[in-house]
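Please look over the sequence and the structure before reading on.

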Amino acid sequence: MDKIPLPPSPVYPDLEKVLDNLAHHLKGESPLFQLPYQIFAETVAQAPIAISITDKKANIQYVNQEFVRVTGYESVDIIGQNESILSDKRTPRHVYYDLWHTISRKKIWQGRLINRHKNGRRYLSDLIIAPMLDEHEVVTHYIGMHRDITASYEAEKIAINQKQLIESVVNASPFAMVVLDDQDQVILDNQLYKALVSDLGKGEPARYFLRLLRDEMGESWTQLQSREEGFNNREFRVETRKFQGARWFSCAGNWFVEKKVNADAFFEDHSKSYLVLTLTDITRQRRQMEALHIQTLKTLMAEDERIRGIRETLLGAIHQIHLPMNQIKAAESILRHKQDEQNSGLLAILQQIQQSGGAAIATMQKCIPEIFQTAVMAINLNQILHEVLLLCEQRLLSNAIEVHWQPQSDLPSLLGSENRLRILFKQLIDNAIEAMCQSTRDGRKADELQQLTISTKTDGELIYVTVADTGPGIPVSLRSKVFEPFYTTQHKGMGQTGMGLVIAREIVNQHQGLIDIDVDYAEGCRIKVSFPVRSAAGLKG
Ligand code: FAD
């Protein structure tokens, strides 16, 4: 293609030479070089980016229209001046050093400088400088291209500042806070939340609480999420596998939808749902409430035990009276059949004794106090066992019994009577303590540490509770007898009436469960109790 001579430029005499160089570089590489130089010249002149062409010392030889607009300098004012005229002198020296070090090695430099507009206003310039080489690969000129990015930089800074502000507010929050995306991934969290990761030992705490929340809220979880409504005051007990180590958290959550800002969302509206979850440790408040609750329970249990004591004494007395009464009944029956005149007086006396004995038994039966019944409700056995352990705490400590509390987290609830279940486990734990004290008294295991191990677990259908002690155990021959009324392996008269396990079995039966002595346990006695998970039938009897 023939070269069309350019008209002489008043502002840039070297333009033809520069374009020559450009054509030289593009030769054979782009169809662009086929175009007339004038097109190149106009492209540069009208390009929407501030372009300047300098000599090797940065003396300006050409500027385009956008350069004039961005810097405020007319081309006639600035041609012949050094680019340093734009410098605000706030740019650190090492930036210029790096700039010159790069371009003088024939490389492209890109960076940000603080420039000064002709009117004195400072602006942030995003600058690219490319060296122009001649056919001998020698630098002849530099091309500078820059944009005023002050506004976008300010917006970027404002966004960063806002993020930092949000982060510091979130960090200063007295609750553990976490933001999760729709895949349950943690996007943002605060220091208190981070501390929970190691404190709870449950992996990612947010996912642990999400599981509990979804289980508890069921359908309403998805409904709230779709309506972007929040929830609060959802309280959960978290086992930390230590006696009294359970912690309580109150959970609150709010969903929000964020419009995506990436390239995919440029033409289409992409949005994503996030959940802000706050976890408040309410263990202290719960413990205070628990202490009050335990105090009330102690009073209730003492009353309950008093009533049970009266019941057992009367039932025991009735049981005792029945034996001679049966003998009298047999004697009376023999005499009656003999129809002996001689013994008619004795027969009358025996009948009188029977009558008055029967009346006495009836009176005693009327005097047996009723056991207070409580409402049937969904019960967490971990909570009941924890309370019973607190109720027995003093006895356990004073007898130096080590407690191993092994609850399964997320234990499903069962339908039952709180009060009855508390009596059941109190009885089993009291029995275990008594058996271990007996061992120590007898000197059998005097040197050994006595241990009480309580565990809960579930297979989804049944909930299993075991109460194991290191006492003398129950001999195989007596394992069914101990569930019979008034049978005890301890000395009667030491508070042992032999009714404890009878009542325990009755309570387990009422909850459609099973109670047994573990035959595989040799270190003492282990009682196994199992209940159906949330049996719809509720309590029997
Ligand atoms: P100067 O004395 O000019 O230079 C400071 C340091 O730069 C020196 O110590 C030296 O290390 C180095 N240096 C300067 N000139 C040369 C050279 N010829 N060869 C090797 N090293 C050298 N500056 C801006 O502030 N804003 C701009 O928009 C801008 N655009 C530019 C566009 C082009 C195409 C080029 C080539 C340079 C541009 N510069 C720009 C850089 C400018 O030329 C100055 O170097 C800079 O402004 C610093 O000026 P100064 O008077 O403070 O220091």
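## Basis of the description

This is a predicted model, in which local features need pLDDT of at least 70 and side-chain atom pairs count only at pLDDT 80 or more, while totals for chains, interfaces and linings use all residues. Residues are numbered from 1 along each chain as its sequence is written, and side-chain values use heavy atoms, with hydrogens and water left out.

## The chain as a whole

The protein chain contains 15 helices and 17 strands. Helices (H or I, at least four residues) and strands (E, at least two) are DSSP runs, numbered from the N terminus. Of the 541 residues in the chain, 42% count as buried. Buried means under 20% relative accessible area, exposed means over 50%, and partly exposed is in between (1.4 Å probe, protein chains only).

The chain exposes about 30,500 Å², and carbon and sulfur atoms supply 54% of that area. Accessible areas come from the Shrake-Rupley method with a 1.4 Å probe, and for residues only the protein chains shown count as cover. Among contacts (heavy atoms within 4.5 Å) between residues at least 6 apart in sequence, 58% join residues at least 24 apart.

## Around the ligand

The ligand is surrounded by 20 residues, of which Lys89, Arg93, Tyr96, Trp100 and Asn115 are the closest. By type, the shell holds nine nonpolar, six polar and five charged residues. In this division Ala, Val, Leu, Ile, Met, Phe, Trp, Tyr, Cys and Pro count as nonpolar, Asp, Glu, Lys and Arg as charged, and the others, Gly among them, as polar.

Side chains of the shell also make polar contacts (pairs of N or O atoms within 3.5 Å; within protein, one must be able to donate a hydrogen and the other to accept it, and residues adjacent in sequence count only if both atoms are side-chain atoms). An N or O atom in the side chain of Trp100 is 2.8 Å from a ligand oxygen. For the side chain of Arg93 the distance to an oxygen atom of the ligand is 3.0 Å, and for a polar side-chain atom of Tyr96 it is 3.1 Å. The ligand taken alone exposes 910 Å², and the protein buries 74% of that. Two or more shell residues come from each of helix 5 (93–103), strand 3 (109–116), strand 4 (122–133) and strand 5 (139–148). Helix 5 supplies the largest share, four residues.

## The nonpolar cores

A nonpolar core is a set of buried Ala, Val, Leu, Ile, Met, Phe, Trp, Tyr and Cys residues joined through side-chain atoms within 4.5 Å. The largest one has 42 residues, and those touching the most other members are Leu381, Leu424, Phe425, Leu428, Ile429, Leu452 and Phe531. Elements giving two or more residues to this core include helix 12 (381–391), helix 14 (418–441), strand 14 (450–458) and strand 17 (526–532). Helix 14 gives the most, with 10 residues. Beyond its neighbours within four places in sequence, Leu424 is in contact with Ala504, Ile507, Val508 and Phe531. Another core lies apart from this one and has 24 residues, among them Tyr208, Leu224, Phe236 and Leu275.

Helix 12 is mostly covered, with 11 of its 11 residues buried. Among them are Asn382, Gln383, His386 and Glu387. At the start of helix 12, a side-chain oxygen of Asn380 reaches to within 2.8 Å of the backbone nitrogen of Asn382.

## Single residues

Lys89 is not a glycine, yet has a positive phi of about 65 degrees. Lys89 sits in the loop between helix 4 (75–78) and helix 5, and is exposed, with a relative accessible area of 61%. Gln512, also not a glycine, has a positive phi of about 55 degrees. Gln512 is in the loop between helix 15 and strand 16 and is partly exposed at 28% relative accessible area.

Trp405 lies in strand 12 and is buried, at 4% relative accessibility. Trp405 and Gly245 are 160 residues apart in sequence, with their C-alpha atoms 9.6 Å apart. Asn431 belongs to helix 14 and is partly exposed at 26%.

Terms used: Near = heavy atom within 4 Å.
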